[in-house]
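Please keep the sequence and the 3D view open as you read.

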Amino acid sequence: MKGTIWTILAAICCLSIFPAETYAQYPAVPVSISTEKTRMNGRLYYTHVVLEKQTLYSISKAYGVSMQDIYDANPAVKDEGLKTNSIILIPVKETAGEPAAPETAAKGKDAEKTAAAGENPVAAEAQDETTAEDNGKADRRKKDRKKKDKATDGEMQWQTEGNFVIHTVKWYENLDTISEKYGVPVDVIMQVNGLTGRKLSNRQKLRIPADLKAYMEAHATETGKTGDDDKSDSAAEDSVEENKDEEDGNRQGLLFPKTKVNVTLMLPLNAKDGMGSEHNMDFYCGALLAARDLGMEGTGIDLNVYDTGNGILPSTAAGLEASDVVIGPVSAGDLRKVLEMTSGKTAVISPMDPRAEVLVSSYANLIQAPTASEAQYADLINWIGEEKGATDRTIAIFEKGYRNNGDAAKVDSLLQKSGILYSSFSYSILEGRNVLGSMESLMNPDAVNRVLLVSESEAFVNDVVRNLSLMLHDKYRIVLYGTSKIRGFETINVDDFHSASLHVSLSYHVDYESREVMDFLMKYRALYNTEPGAFAFQGYDILRYFAKMCSEYGNRWQDKLENAETMHMLQSDFKFRRIGDGGFENIGMRRIIYGPDYTVKPVE
């Protein structure tokens with residue numbers, strides 16, 4: 001199976017590395033003329049979505065322009081080649097007439113014109129011109145257009161509703177791209193359309209002020225502005241001009257998205273001393289699938305992969321600092337080396353090891369994706385507070401000798417700060433069943449006893465669960481709370497978890513009944529001919545989440561991280577908070593309950 005996966009990965013990497021022109025040996029993919037247009041810097045362009053195996057030559061021929069024309073409109077194409085699903089601009093030859101529609105679409109020209117008029121004002125104009133030329137009425141329409149141009153000083157030639165352009169939202173657009181397209185701030189677009197949030201739907205109609213200055217003046221008048229404010233307006237305009245460069249930089253970083261994200265992935269894939277594992281390969285496969293899905297959605301991923309087996313790391317920081325996102329390496333030691341190589345601006349994601357959390361407070365650019373055990377205990381305590389009745393008892397059980405060490409001391413502190421009344425009990429595993437009487441003395445036979453198990457020692461957890469199981473037979477109502485680690489202990493009878501209604505706060509949980517998970521499974525099986533493991537889900541979630549954040553918010557996406565809403569991924573929840581002057585830790589948590597009917601259900 002491993003050989004099969006390497007073969008598939010090699011094929012995928014080849015598709016990612018070579019530009020579109022290398023596909024010339026395959027049958028050419030027909031190029032259809034796009035009906036979508038945009039105007040930038042006073043010039044009209046087609047927006048063409050590049051399909052797999054289309055070439056620059058075939059696209060230029062279809063649109064009747066030279067390859068140099070396309071290079072001039074898309075400088076990145078000359079250096080990087082065409083990317084499947086990317087959007088490129090094709091200049092419209094307005095003076096010489098537009099390219100004719102493909103013969104297969106000739107019969108539907110009238111229907112296309114009607115659809116364009118209702119969906120895209122720019123495309124409607126183009127269809128009007130083509131139809132006018134076909135039926136010999138071009139001169140009359142040009143005269144009508146000149147009148148309209150004169151009325152609007154030549155600034156706007158699109159169909160309008162009063163003083164507004166009507167824009168139909170495309171599937172790949174958001175408020176930031178629309179703002180950039182028309183030169184109208186996002187807050188103005190939201191105000192005009194009564195939007196309370198940034199979410200848009202495909203084919204949604206938006207009204208865009210055709211004359212931003214006129215709209216702002218009219219809006220200021222409506223809110224009570226008088227002529228006495230002219231001087232202050234002039235001073236404000238001067239101030240805006242003085243700070244224009246700074247504001248433009250902020251807008252570029254915060255408001256405008258990136259259509260291409262540079263991601264560096266560092267994993268020990270092929271370590272000679274055995275440190276490499278199938279887990280890392282699974283993570284890599286999941287990340288590749290996430291990159292593929294993002295590409296299909298319009299976000300290009302430039303993925304650079306380093307095999308860090310045997311501690312081999314990049315020799316210079318140049319490549320790392322050119323990345324928008326660095327995922328890995330895995331171990332805390334390697335992460336520290338990479339963090340010290342970077343300037344502090346490049347985001348470094350700790351992808352798998354919860355123990356790397358110790359570095360977060362020291363490095364402002366470190367983002368810890370796995371949740372630490374302390375965060376799990378904090379969520380368990382909150383959960384107890386949410387469910388606790390007035391007469392319920394809360395009991396925290398510690399392993400004797402470890403209460404003042406590590407996580408146990410932190411949990412004790414969290415309990416004291418929570419305000420929950422609780423009893424604590426500690427014993428050593430050598431005391432065995434002799435502690436039953438002492439444990440029972442803390443129980444309330446007439447209420448629910450909520451037991452927080454503070455240990456990740458398999459032997460001690462096994463003994464506590466066995467003792468609780470014995471007390472359950474004596475009709476005590478017990479609800480057990482524990483971290484995700486105890487689910488993996490093989491010596492514990494799972495029936496006891498169900499009997500004690502085990503409540504678990506955990507970093508990872510896959511709901512195989514969700515549609516998103518089912519879609520992922522089908523794609524993963526089709527691509528790799530095997531089943532995804534937990535690390536494949538983790539690789540998919542991490543690359544997709546952070547690349548999406550960078551794509552949506554631009555170069556300064558880290559500034560948005562702490563205030564972003566909790567994101568529910570396939571296996572993990574991502575919600576980040578900054579630790580002092582350091583980096584970010586994930587506090588996103590999933591909850592599950594072991595039911596008496598032997599079900600394991602996620603808590604919404």
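Which residue follows H2 with a positive phi? Gly64 does, with a phi near 70°.

Before going further, a word on the ground rules. This is a predicted model, in which local features need pLDDT of at least 70 and side-chain atom pairs count only at pLDDT 80 or more, while totals for chains, interfaces and linings use all residues. Residues are numbered from 1 along each chain as its sequence is written, and side-chain values use heavy atoms, with hydrogens and water left out.

**The chain as a whole**

The protein chain holds 23 helices and 22 strands; these are DSSP runs numbered from the N terminus, with helices being H or I of at least four residues and strands E of at least two. It has 604 residues, and 46% of them count as buried. Buried means under 20% relative accessible area, exposed means over 50%, and partly exposed lies in between, using a 1.4 Å probe on protein chains only. Among contacts (heavy atoms within 4.5 Å) with a separation of 6 or more, 66% join residues 24 or more positions apart.

**Around helix H2**

Back to H2, which spans residues 56-63. Its buried residues are Leu56, Ser58, Ile59, Ser60 and Tyr63. They pack against strands E2 (43-49) and E3 (87-91), and also against helices H3 (67-73) and H4 (75-80).

**Two helix pairs**

The table sets out two packed pairs. Axes are lines fitted to C-alpha atoms, for helices over the stretch in contact, and angles run from 0 to 180 degrees between N-to-C directions.

| Pair | Crossing angle | Axis distance |
|---|---|---|
| H8 (residues 175-182) and H9 (residues 186-193) | about 105° | 9 Å apart |
| H13 (residues 278-296) and H22 (residues 534-553) | roughly 40° | within 6 Å |

Angles under 35 degrees count as roughly parallel, over 145 as roughly antiparallel, 65 to 115 as roughly perpendicular and the rest as oblique. H8 and H9 are therefore roughly perpendicular to each other, whereas H13 is oblique to H22.

In the second pair, the H13 side includes Phe283, Gly286 and Leu289, and the H22 side includes Tyr540, Ile542 and Arg544. This contact divides into 12 nonpolar, four polar and four charged residues.

**Cysteines**

A disulfide is a pair of cysteine sulfur atoms within 2.5 Å, and by this rule the count is zero. Cys285 is buried, with a relative accessible area of 0%, and Cys550 is buried at 0% as well.

**Two loop residues**

Is Thr391 buried or exposed? Thr391 counts as exposed, at 52% relative accessibility. This residue sits in the loop between helix H16 (373-387) and strand E12 (393-399). Leaving aside residues up to four places away in sequence, Thr391 touches Asn444 and Ala447. Thr391 and Val448 are 57 residues apart in sequence, yet 7.8 Å apart in space, C-alpha to C-alpha.

Asn365, in the loop between strands E10 (347-350) and E11 (366-368), counts as buried at 3% relative accessibility.

Key: Nonpolar A, V, L, I, M, F, W, Y, C, P; charged D, E, K, R; others polar.
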